Amino acid sequence: MSGAPAGGASPSGASASSPALAVDGLAFAYPDGRQVLYGVDLEVAQGERVALLGPNGAGKTTLLLHLNGILGAVSGGTGAGSIQVSGLPLRKDTVGEIRRRVGIVFQDPDDQLFMPTVADDVAFGPANLGLRGSELADRVHHALSQVGMADQADRPPHHLSFGQRRRVAVATVLAMEPEILVLDEPSSNLDPASRRELADILQSLDVAVLMVTHDLPYALQLCSRSLLLDGGRIVASGATRDLLADDALMRAHRLELPYGFDPLSVPAAPAVER
Amino acid sequence: MTLVVGPPSHAGAQGGAGEGSGTLASGHLPGHAHGHVGLGAPEEGLLVIRDTVVHRLPAQVKLVAVVAFVLVVVATPTGRWGAFAVYALLLAGVVAVAHVPARLVLRRMLIEVPFVVFAAVLPFVASGPRVEVLGVSVSATGLVAGATMLLKATLGVVAAIVLAATTAPREMLAGLERLRLPALLVAMLSFMIRYLAVVTGDLHRMRVARESRGDTGGRVGQAAAVAGTAGSLFVRSYERGERVHQAMLARGYAGHLPALVSGRAARAREWALAASLPVATLVTLVLFVSVVPR
């Protein structure tokens, strides 16, 4: 784990040509023999926002935990395939830098916010990267400002509302200046106002996003492109609006739009030139 | 427990009726209030929010002062009642300066009750010359030893109450860190404080779910359900621990937690101010032992 370069210097390996995230032939089985991923291929371009859709049990969360080497061959598990983040392949000696580049926001903010105060928690990642003193304080303040929580820095996480905690969880990974933000069910348990506020924040960020969600209107609003994962494989990829409008595909993979929602009647997220 | 009608206020959160989202309600469940007195909002602990010179002292200074005070109190020979009276006055002075309500101190002193029982037994079981108190024959040495023990314990408990009422848990952690407590212990305490509220919330929801399905609780016949709750609470907490660990790894955790940002170094003036309590106590002890005859 000493392979991570100290400090948060801007990534030298990133180039405009290599995608923010490239996954190739990823397969994985848990130690009890239950295989979850059967060869996943996907790509997220620099600055692109992509939704990862799929029914419960499709392997979405398992896939997310591979993206920074928490699960998979890198951490001693059984698996095959390769992952590259902005051109840097995930290996044992690069896992530290990969974890800086891939910012995962977990579904339950109580799992992610484990330090005594909001500021301590946002400082956790950059401090692990070697930042100290005023540089660290600046990074924390900037990340909290990006999600509109700078005035709550000294509060204990438990005093915040659920929506505020979700936003702080986003700040904890933004503080590491990731190349790609990976969100697990970002809109779950949020009231409509918090859900919209989070969407505004995600739209204001200049970073690639991969977002696992069951909230199909949210995917349509935020992500120009969507991937459909089922049975451990990517079964469809395309413009979010086209996927959601494909009735047969949706039905075949247990996806349903909310009552009365017509994906063709609302403006879709603008596409990113790839 | 008093109920407040009207908009919630932060100042009303002191003591037992806390404002923690999950734990507040648990105190109001009929038949269960006894189990939650004082649990309030665990992440603020027993803090009484005021702005006094005692509150503003860094936690490490207060921790050292309390430990030094308790050491002097414990070192005081048996039966030096005058010294104990002066200690009590000194401590009462600190309580007044810190604006901690006396009623609150008295209520929190209830935690001492088991010690009182033990001290009360001493006069009856100790040997030596007997004296008559209210027509009951008790051991004279046991009586003195029991009373001294009670006084020492009370002084220690009140000092700890003042510390807890003037220091937020997160400041306490930063203070312990500055006192070079091993990082692993600081981390364990930190996680305990952070997740106490979460686990209490889990427990509360599970109990509400159980009682919503007709389990009234409290009877021996329901012990199996309670045991089941405890078991699944353990499994839940264990799984949460695994998820928290994953979240830590995802942000580059490599075996040690970074220093807390909330702490700050203490100034010499603050050390001197905090030292005034244990030093005054020590001077009192020396005076009473060397000058005042028994």
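Visitor: In what order do the 4 strands of the open sheet in chain A run, and how do they pair?
Guide: The order is 2-1-4-5, and the pairing of these 4 strands is antiparallel. Strands here are DSSP runs of E with at least two residues, helices are runs of H or I with at least four, both numbered from the N terminus, and two strands count as paired if DSSP finds at least two bridges between them.

Visitor: Which strands stand at the edges of that one?
Guide: Strand 2 (35–44) and strand 5 (88–89) of chain A do, and because each has a single partner strand, one side of each is left without a neighbour in the sheet. Strand 5 of chain A is joined to strand 4 (residues 78–85) of chain A by 2 bridges, the two running antiparallel, and A:Val85 has A:Leu88 as its bridge partner.

Visitor: Before I go on, what am I looking at, and how are things numbered?
Guide: This is a predicted model, in which local features need pLDDT of at least 70 and side-chain atom pairs count only at pLDDT 80 or more, while totals for chains, interfaces and linings use all residues. Residues are numbered from 1 along each chain as its sequence is written, with chains lettered from A and ligands numbered from 1 in the order in which they are written.

Visitor: What ipTM and pTM does the predictor give the complex?
Guide: The complex has an ipTM of 0.80 and a pTM of 0.76.

Visitor: And chain B, what is its mean pLDDT?
Guide: The mean for chain B is 79, with 81% of its residues reaching 70 or more, on a scale of the predictor's confidence in each residue that runs from 0 to 100. The pLDDT is below 50 over residues 10–43 of chain B, a stretch that has 67 contacts in the model beyond near neighbours in sequence; a contact is a pair of residues whose C-beta atoms, placed from the backbone, lie within 7 Å.

Visitor: Back to chain A: what is the strand order in the open sheet of 6 strands?
Guide: That sheet of chain A has the order 6-7-8-3-9-10, and its pairing is mixed. Strand 6 (102–105) and strand 10 (233–239) of chain A are its edge strands, each pairing on one side only. Strand 6 of chain A runs parallel to strand 7 (residues 180–184) of chain A, the two being joined by 4 bridges, and A:Gly103 stands opposite A:Leu181 in strand 7.

Visitor: What does UniProt list for chain A?
Guide: An unreviewed UniProt entry lists "domain: ABC transporter" for residues 21–256 of chain A; positions follow the numbering used here, feature names are shortened, and such annotations may be inferred rather than shown by experiment. In the model, residues 21–256 of chain A are 37% helix and 26% strand, with the end C-alpha atoms 28 Å apart.

Visitor: Now the contacts between the chains: how many residues of chain A touch chain B?
Guide: 32 residues of chain A are in contact with 26 residues of chain B. On the chain A side, the elements that give two or more residues are helix 2 (95–101), helix 3 (109–112), helix 4 (118–128) and helix 6 (162–174), and the largest share, 7 residues, comes from helix 4 of chain A.

Visitor: Which residues of chain A is B:Ala247 in contact with?
Guide: Leaving aside neighbours within four places in sequence, B:Ala247 is in contact with A:Phe106, A:Asp111 and A:Gln112. B:Ala247 lies in helix 10 (residues 223–250) of chain B and is buried, with 25 other C-beta atoms within 10 Å. A residue is called buried at 20 or more other C-beta atoms within 10 Å of its own, exposed at 12 or fewer and partly exposed in between, with C-beta atoms placed from the backbone.

Visitor: Why is helix 8 of chain B described as largely enclosed?
Guide: Helix 8 (residues 169–178) of chain B is largely enclosed by the rest of the structure because 10 of its 10 residues are buried. What covers these buried residues includes helix 3 and helix 9 (183–212) of chain B. Helix 8 of chain B is followed by B:Arg180, whose phi is positive, near 65°.

Visitor: How many helices and strands does chain B have altogether?
Guide: Chain B has 11 helices and 2 strands, and buried residues make up 31% of its 294 residues.

Methods
Two residues are in contact if their C-beta atoms, placed from the backbone, lie within 7 Å.
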